[in-house]
Every structure is written in C-alpha cells, then in structure tokens.
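Subject: Structure handover

Hello,

Here is the structure I promised to pass on. Please open it first, then read my notes below.

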Amino acid sequence: MAKQIYFEDVEVGSEIGPLEKNPTTQQLVKYAGASGDFYQIHYDKDFALANKLPGVILHGALKNGFLGQLMTDFAGPEGWLRKLSVQYRGMDQPGSKVVCRGKVVKKYHEGDQHLVDCEIWLENAKGEKTTPGSATVVLPARHLH
Amino acid sequence: MANKIVTDEVLKQIGKMGEPRTYEVERGAIRRFAEAIGDPNPLFNDEQRARETRFGGVIAPPTFCRSMGSPIPDVKLPALGDSFRGLDGGSDWEYFHPIRPGDRITAQTRLVDLKESEGRLGPMVFITMETTYTNQFGQLCVTQRSTAIRY
C-alpha cells in the first residue's frame, strides 16, 4: 500500500506525481473491453484514418482514468478523492509517452474535513497539456485543527 | 443576440431524463477496469490488503462508472438537423460513497444544461448531461457531468 500523505505534509505549490504512462494499442483494446466504449477510432487504424484522424487515438476516458490514478495515489488509502474534472483539449496516440502531473493550489477546512484543491493535467511527450483538469481530495490530518 | 439554435423552445428540454439502468458490480469487472488503466492500487485489486484500510475491502476506481452507461435523453436541436458534428469536451466527477463489489448501482442521465456560443466554424452548442450513480441503499455514490459539443 502506498505511503499515506497527511494534510500537514502538503503546501500550496506541492507537486503531485509524475505518473508516466506508455499506452499501446493493446491497452486501448483492454480499455474498450473494460469500459464498453467500442468506438472504432480507438483500435481500428483504417477506420480512424478514414475519419481524418492521424491514426487510432486514446479514449478521453482512459486519460481521465490515468488522472484518477494520479489522484487516488496522492490521496492514499486513508484519503478520499472528492472531485475530479478533466477537459479534453488535444488528442493523444498510442506509442507515445504521456505524463500525469499536478500541484496543490489551495488548502482549507470544511467542517472537520481537511481539503486540498489541485490543478492537474496530462501532458504529451512534447510537454503540451492535452488534458487539463482539477481535483479536490480529503486528506487525513496528524492533529485535529 | 438571440440564440440561433438554443431557442426558448429548445431550452424546455432541460431536465429531460433518460431511462435508468441497474448494474450489479462484479469484483472481476473492477479488477479488469483497474488493469486496463494500468493501476496496481491494492484498493482496487487486492481484497486482503484493501481489508486493512478504512474501506474494509475492495472499492471501484474513480472512473469505473464509465463501464455503467445509461441511455442519454434525446436532445432535439432542429436548427442543426441531423448533420451535426460532435466532440466530447470532458467530465466533472463528484464522489460521495465508495462503490463496492456486489453493489447494485442504478445509473440515470439527465439533461442539465444547453448553451450556445459562436465558434470559428459557426455556432456551437454545449450539451451538459449529468449521470447519477445510486446504490441499493439509496445512497448517491457518484455524479458525472459530461459536456458534449455539437457544431
């Protein structure tokens, strides 16, 4: 189990990740099967090319899943991911590395809960943020505030 | 400027609901979903180790609800006709309760917003749907808002 991070351990500006992924066409097929999204642009190259795409492309929802992993890794087994938002701005193709990253933008309390707002994104090998987003996690605290 | 596509008449569709659909959550489906993402977190894969956490057992990863689709309400945009093009703009998730193996989850999708704006290729319509995922105890576990763009 991943090491638990506590509310006191993070500051505004603290980095989250990186989580590196090297998606393959095989992974897209696995994701199609697991999610039930069988749109052919994600595994059928001829179909993708006929639809004016450069080739098969990653499911937006798979990139959403990668960013979910970034945040549940960060929250740890005692934390809770409360909100997760992603915007699909650019396409990504298998065979090329993508990296999920984030940083803490706000720390605050709500009732007895300790919350952290984060800016998150997935970037391609050129460092372009193809999938920006945000997340809110509840973290455990070492001490009551 | 008056909307060309999202007219007052079109706006009346907001609130329209799709048919609910109920799923029984299988342990294997959770494991395969986490594997497809490449997420080795024991919370999603390892009953023994997940039992030692405050969750007391395996839970579903954050985007697992993508595997529990529900019919979307039919949105009529007469000015666009049938020849529109579409894009998936993104998703906003909120999490209230964990989803566990054996849960019976009911998914239902509602049209929550319609907006029009002028894009480079002409008018664009932003269609926002919200899907709620409710467990067998009537607890709201997850909401997912998705925005599709038609132009």
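In what order do the 10 strands of the open sheet follow one another? Keep in mind that this is a predicted model. The order is β1(A)-β3(A)-β4(A)-β5(A)-β2(A)-β2(B)-β5(B)-β4(B)-β3(B)-β1(B), and the pairing is antiparallel. The edges are held by β1 (15-21) of chain A and β1 (21-24) of chain B. Each has a single partner strand, so one side of each is left without a neighbour in the sheet. On average, neighbouring strands are turned by 20° against each other, direction ignored.

Within chain A, 11 bridges join β3 (residues 98-110) to β4 (residues 113-123). One detail there: A:Arg101 has A:Trp121 in β4(A) as its bridge partner.

A helix of chain A also meets this sheet. Helix α3 (residues 60-75) of chain A lies across β1, β2, β3, β4 and β5 of chain A, together with β2 (86-95) of chain B. Helix α3 of chain A runs at about 135° to β1(A).

Now the interface. In chain B, 32 residues are in contact with 28 residues of chain A. The area buried between the two chains is about 2500 Å², and carbon and sulfur atoms give 55% of that. B:Ala36, B:Ile37 and B:Tyr95 supply 23% of the area that chain B buries against chain A, more than any other three residues.

There are 0 salt bridges between chain B and chain A. The polar contacts come to 13 residue pairs. On the side of chain B that touches chain A, β2(B) gives the most, with 8 residues.

Last, helix α2 (residues 27-37) of chain B. Its buried residues include B:Ile30, B:Phe33 and B:Ile37. The buried residues of α2(B) pack against β1, α1 and α3 of chain A, and against α3 (42-45) of chain B. Just after α2(B), B:Gly38 takes a positive phi of about 85°.

Best wishes

Conventions: Residues numbered from 1 in each chain as written. Chains lettered and ligands numbered in written order. Predicted model: local features only at pLDDT ≥ 70, side-chain atom pairs only at ≥ 80, totals over all residues. Heavy atoms only, no water. Pairing = 2+ DSSP bridges. Helix = DSSP H or I, 4+ residues; strand = E, 2+ residues; numbered from the N terminus. Axes fitted to C-alpha atoms, helices over the stretch in contact; angles between N-to-C directions. Contact = heavy atoms within 4.5 Å. Buried < 20%, exposed > 50% of the residue type's maximum accessible area, 1.4 Å probe, protein only. Buried area = accessible area lost by both parts, 1.4 Å probe. Salt bridge = Lys/Arg side-chain N within 4 Å of Asp/Glu carboxyl O. Polar contact = N/O pair within 3.5 Å; in protein donor to acceptor, adjacent residues only side chain to side chain.
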